[in-house]
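Subject: Structure for you to look at

Hello,

Here is the structure I said I would pass on. Please open it next to this message and follow along.

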Amino acid sequence: MRDALSLADQAIAYAGGSLNADAVRAMLGSVDRSHAERFVRALAVRDGRAVLSGVDALREHGLSAAGALEALTALLQQMAIEQAVPGALPETDPDTPIARELSALLPADETQLLYSFALHGRQELTLAPDAYAGLSMVLLRLLAFAPAGGGVPSKVSPPVAAAPAPR
């Protein structure tokens, strides 16, 4: 309890006398769910530039790469539940509407794959040159290894078979 009161006092001082969620997040360097939502949207349309811009935004604001992966993992878990058992997410959870919306953007196999990459990627952050480079690679991995035939078509067209030469 003493630690909680100390953090509350620090947050009030940090925010100049008021206490709100944004100020506490900024003080702690934690990541709000909107970053995870933007990553899912960018990955769903195969927008690598948006993914990298999102990572850069985290870096510029001093937000945690590990926190971003944690938020992404939690969001993907909710999306997977909605995809497997529609309507199973609690109506009282304020995150349910966005998880339902985003679950329609990716096929279930891609959601599962991205969840696995995000979950295992959390361990890889300590091995990367820096946490943001590790986060970039985890997120870009889905673009490189997206299941064939699933989801939104990639921007690269598949090769077209050449017509046989006349005899």
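Below is what was found in it, going from the whole chain to single residues.

**The chain as a whole**

Please keep in mind that this is a predicted model. The chain has eight helices and zero strands. Read along the sequence, the pattern is therefore simply α-α-α-α-α-α-α-α. The chain has 167 residues, and 33% of them count as buried. Among contacts with a separation of 6 or more, 69% are between residues 24 or more positions apart.

Three helix pairs are described here, and they link α3, α5 and α6.

Start with α3 (33-44) and α5 (residues 65-84). Their axes come within 8 Å and cross at roughly 65°. That angle makes α3 roughly perpendicular to α5, because 65 to 115 degrees counts as roughly perpendicular. The crossing of α3 past α5 is right-handed. On the α3 side, the contact is made by Arg33, Ala36, Glu37, Phe39 and Val40. On the α5 side, it is made by Ala68, Ala71, Leu72, Ala74, Leu75, Leu76, Gln78 and Met79. By type, the residues of this contact are 10 nonpolar, one polar and two charged.

Next come α5 and helix α6 (residues 96-103), whose axes come within 8 Å and cross at roughly 70°. These two helices are therefore also roughly perpendicular to each other. Here too the crossing is right-handed, with α5 passing α6. From α5, the residues in contact are Leu75, Gln78, Met79, Glu82 and Gln83, and from α6 they are Ala99, Arg100, Leu102 and Ser103. They divide into four nonpolar, three polar and two charged.

The remaining pair is α3 and α6. Their axes come within 11 Å and cross at roughly 10°. Angles under 35 degrees count as roughly parallel, so α3 and α6 are roughly parallel to each other. Glu37, Val40 and Arg41 of α3 meet Ile98, Glu101 and Leu102 of α6. This contact has three nonpolar residues, no polar ones and three charged ones.

In soluble globular proteins, nonpolar side chains tend to be buried together. In this model, the largest nonpolar core holds 32 residues, and Val40, Leu72, Leu135 and Leu139 touch the most other members. The elements that each give two or more residues to this core are α3, α4, α5, α6, α7 (108-124) and α8 (131-144). Which of them gives the most? It is α5, with eight residues.

- Leu75 sits in helix α5. Its relative accessibility is 0%, so Leu75 counts as buried. The C-alpha atoms of Leu75 and Ala99 are 6.5 Å apart, although the two residues are 24 residues apart along the chain.
- Leu135 lies in helix α8. With a relative accessible area of 0%, Leu135 is buried.

Most residues other than glycine have a negative phi. Arg46 is not a glycine, yet its phi is positive, at about 60°. Where is Arg46 placed? Arg46 is in the loop between α3 and α4 (48-60). Is Arg46 buried or exposed? Buried means under 20% relative accessible area, and Arg46 is at 10% relative accessibility, so Arg46 counts as buried.

Regards

Definitions and conventions
Residues are numbered from 1 along each chain as its sequence is written. This is a predicted model: local features need pLDDT of at least 70, side-chain atom pairs count only at pLDDT 80 or more; totals for chains, interfaces and linings use all residues. Side-chain values use heavy atoms; hydrogens and water are left out. Axes are lines fitted to C-alpha atoms, for helices over the stretch in contact, and angles run from 0 to 180 degrees between N-to-C directions. Helices (H or I, at least four residues) and strands (E, at least two) are DSSP runs, numbered from the N terminus. Angles under 35 degrees count as roughly parallel, over 145 as roughly antiparallel, 65 to 115 as roughly perpendicular and the rest as oblique. A crossing is left-handed if the near helix is turned anticlockwise from the far one by less than a right angle, and right-handed if clockwise. Contact means heavy atoms within 4.5 Å. Ala, Val, Leu, Ile, Met, Phe, Trp, Tyr, Cys and Pro count as nonpolar, Asp, Glu, Lys and Arg as charged, and the others, Gly among them, as polar. Buried means under 20% relative accessible area, exposed over 50%, partly exposed in between (1.4 Å probe, protein chains only). A nonpolar core is a set of buried Ala, Val, Leu, Ile, Met, Phe, Trp, Tyr and Cys residues joined through side-chain atoms within 4.5 Å.
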